[in-house]
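I opened this notebook to keep track of what I looked up, one entry at a time.

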Amino acid sequence: MKKLVSAVAIACIVVLCFSTSAMSQRQKTIKVGINAPMTGDIPKVGEGSKYAAEMWLEDVTAAGGIEVGGVKYPVELIVEDNESKAESAVTANTKMITQDDVLIIIGPQSSKQAVPAGDVANNYETPMISPWSTNPATTADRPFVFRGCFLDPFQGPVLANFITEEFGFTKAAVLYDVASDYPKGLAEFFKAAWEEKHGEGSVVAYESFTTKDTDFSSQLTKIIRSGAEVLFTPQYYNEVALIVNQAKDLGWDKPIVGSDSWGSAETVELCGEACYGSFFSTHYAAAGAQGATKEFIDRYNEKYGYVPDDVAALTWDSLGLAQAAIEGAGELTGDIKKDRRAVRDALAKVENFEGITGNMTFTEEGDPQKCAVIVKISDTGAYEFYKSICP
Amino acid sequence: MIKRFLQTFSVVPMAGWLLGAFVAVLIEIYFGNLISYYLYLPKIPVLLGTLVALRDPALIPNVLAYDLAVYFIPVLAVSLLSAPLTNALAARMQKMPLWAATLIHIVAFYAILHLWAGISDYRVLVVKLTMISIILTVSLNIINGYQGEFSCSHPGFMALGAYTSSVLTLVLFSNDKVFGEALLPAALGPWCFPVILIIGGAVAAIGSLAVAIPSFRTRGDYLAIISLAFMFIIKSAIENMEIIGGPRGLSSQPNYASLPMVFIWMALCIWIIHNFTTSIYGKALNAVRDNEAAANSMTVNTRRTKMIAFMFGAFWAGVAGGLFAHVLRYVNPGTFGIQKLAEVLAMVYFGGLNSIYGSIVGAVSISVLGEALRPLELWKWIIIPLILILVMIFRPHGLISFTEIDMKRVLRPRNTAEGER
């Protein structure tokens, strides 16, 4: 027993004396927190965020760190898994803020985690950028919380205007998931915008279903009978495939329009030819991208083997925003509270940031003013840039 | 060797361990920063350093050294050295009424916990969520353990309590966009919060009648199916109620669920449920579980007994839900789904059926493991279920099952022989 104890003790001391990685902890670094759903319902979203963050870190490390006030600081990423749960997102944020002393947090992606996590970040006065959350409550009355994407109250009217101008239709149908926050909100905004344009009752069918439903024939039959000229369905990729295919089978041959939730690579894979020729609004278009966007896509594709979806692109932009804000903070005092405030102020002042998903300037609420992109699914199944609509 | 080690420390009473823990916490508060600085740790490690060690394995010796210096050595040394003193103390407390001695120990325990958690806000949050899981697990144990049924509606009851209390605090004490101006002055809020929690629990208990009335006419799997359906009904109902936020949920509840508040509720819950299970109702409940016909013939009103126990369990789930909503300050219906159910069931079956003690162990170990293994990401979801499987193989009733808390035994002085007490 005694021998064992002394052996362990000596081993500990020896390792302590020579542990170089422990020594390097003393160096002053900028820590950036990533709060992403690595496990849970939407691991693909977490993976996209993590990969984008790793690519960003590579760039920053290659440049020798982030330069603030003439001094270059190395950057460290703290990736925390929020398990796609609200309470886990809150504990992850609390941990990163109080334990890891992160300067800024990127994430969480979905609104159900971003809303409570944003509350934590705001209470501790730590800047946070949620790349993907579209719920207005995430940033409302929270000076320290920002987001990287446009909001549903903007996207709904954009689509209503696009359909009106492009096709000249006056009668629309909507099919959405009543139990999921994002499709429901968007369906409502679309309906309001459409009815404002074409008068009361111009949304001739407003049908709903519940998450995990797989048979939509009764709703679709109603929609077809209603005489609608276009179908709007703001669903996620797995449901889009079912809805579009079932609609085609039931004899629907008019256009189908979707929202940014269609923007996953899986949509076309699952949906097949039925989806060709459909339109959706999104943050960026992978096919036909140019400049920095194309560079990002190619690099990502080469490194991880697939075309990045909008979450990865938005995370990339949010990290870019964070970097711009840190660089614009003047100097890092070492007092983390002061530095966080300085970064927040710099972030609010960012103007015309050139991101790969469009140029951004933050409003008072911390929401960016940016353009939406309309994408057409081409005859080969690629996402083609069709049109850009700005506020 | 382990046996000798245990024997050395068998003379330490509960009071001694508390004293040791107290000294360790004091060391951490006053010297924690210094020690962690010299051990090249970035900060005082929160959960015994597991988070740091798993992220950067090179730091494992440093973390071990820290744990030894701050926790193990002081706790063991102080508790052993002070054993004569604390044993005398325990002997004196033994002469007091049991409730007084227990209360003194609980207050001391809370003081230590408060100091320990106060070092980091992250600890506070983890401790709060763990204590809420304890309430949930103990209350589910009434139904799944003592009553011997299989109920799946606990997240539903929790949702009822969470939403009821959230709506009440938002309507009464905060200026909310949905519910308008506060009806009562905000200063009253923290004082009325316990009442609001009780109302939340009561709503959950009334809701549980919807499961209890149809399903207790029969025995067996029906309850599992009906209660599962109930959980989904509650979730969909809330999703479709625009007035309470629908699928978007409710946010910015006032910050009433402080650490002492959650602790008091947990202590109350354990105490009341312990009394319930050892009361005549508890015995009747066990009789019904073992043989309903026999219990009936022995004049036990089986239907009534089952209903009361079920509502009682639901009440505490509602209280836990209310606390949960005010700790997170956000609720959405998606939280109270299958995932939550799996979590609570895992805690109950891991800890042990028919035992409050076991439920506490289950809730604490699963919640703390979930936090401590955070850096492992996906591997965490392989390790925790693996532990569960192993427990189910080697201890099919859970780690500590069919054991009651005996405060007298726990608090007794240890220097005298067993028989003298």
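Before the first entry I noted a cut-off, because I needed it for the reasoning: angles over 145 degrees between two axes count as roughly antiparallel. I also wrote down that this is a predicted model.

**Entry: α7 and α14 of chain B**

I looked up how helix α7 (residues 121-146) of chain B meets helix α14 (residues 302-328) of chain B, and found that their axes come within 8 Å and cross at roughly 165°. With the cut-off above, α7(B) and α14(B) are therefore roughly antiparallel to each other.

**Entry: α7 and α12 of chain B**

Next I asked at what angle α7(B) packs with helix α12 (residues 280-290) of chain B. The angle is about 40°, and the axes are 10 Å apart, so I recorded α7(B) and α12(B) as oblique to each other. The contact is made by B:I142, B:G145 and B:Y146 of α7(B), together with B:L285, B:N286 and B:R289 of α12(B). By class, the contact of α7(B) with α12(B) holds three nonpolar, two polar and one charged residues.

**Entry: a sheet in chain A**

I then turned to chain A, where an open sheet of three strands runs in the order β13-β14-β15 with antiparallel pairing. β13 (353-355) and β15 (368-369) of chain A stand at the edges with a single partner strand each, so one side of each has no neighbour in the sheet. Between β13(A) and strand β14 (residues 358-362) of chain A I found three bridges in the antiparallel sense, and I noted that A:G355 stands opposite A:G358 in β14(A). Helix α12 (residues 310-327) of chain A lies across β13 and β14 of chain A, and runs at about 150° to β13(A).

**Entry: β1 and β4 of chain A**

How many bridges join strand β1 (residues 30-36) of chain A to β4(A)? I found seven, and the two strands run parallel; A:K31, for instance, has A:E76 in β4(A) as its bridge partner. When I checked how covered strand β4 (residues 75-81) of chain A is, I saw that six of its seven residues are buried.

B:T299 lies in the loop between α13 (292-297) and α14 of chain B, and is exposed, with a relative accessible area of 73%. B:N354 also has a positive phi, of about 60°, although it is not a glycine, and it lies in the loop between α15 (338-351) and α16 (356-372) of chain B. Is B:N354 buried or exposed? At 3% relative accessibility, B:N354 counts as buried.

I placed A:P108 in the loop between β5 (104-106) and α5 (111-123) of chain A.

Notes. Residues are numbered from 1 along each chain as its sequence is written. Chains are lettered from A and ligands numbered from 1 in the order in which they are written. This is a predicted model: local features need pLDDT of at least 70, side-chain atom pairs count only at pLDDT 80 or more; totals for chains, interfaces and linings use all residues. Side-chain values use heavy atoms; hydrogens and water are left out. Axes are lines fitted to C-alpha atoms, for helices over the stretch in contact, and angles run from 0 to 180 degrees between N-to-C directions. Helices (H or I, at least four residues) and strands (E, at least two) are DSSP runs, numbered from the N terminus. Angles under 35 degrees count as roughly parallel, over 145 as roughly antiparallel, 65 to 115 as roughly perpendicular and the rest as oblique. Buried means under 20% relative accessible area, exposed over 50%, partly exposed in between (1.4 Å probe, protein chains only). Two strands pair if DSSP finds at least two bridges between them. Contact means heavy atoms within 4.5 Å. Ala, Val, Leu, Ile, Met, Phe, Trp, Tyr, Cys and Pro count as nonpolar, Asp, Glu, Lys and Arg as charged, and the others, Gly among them, as polar.
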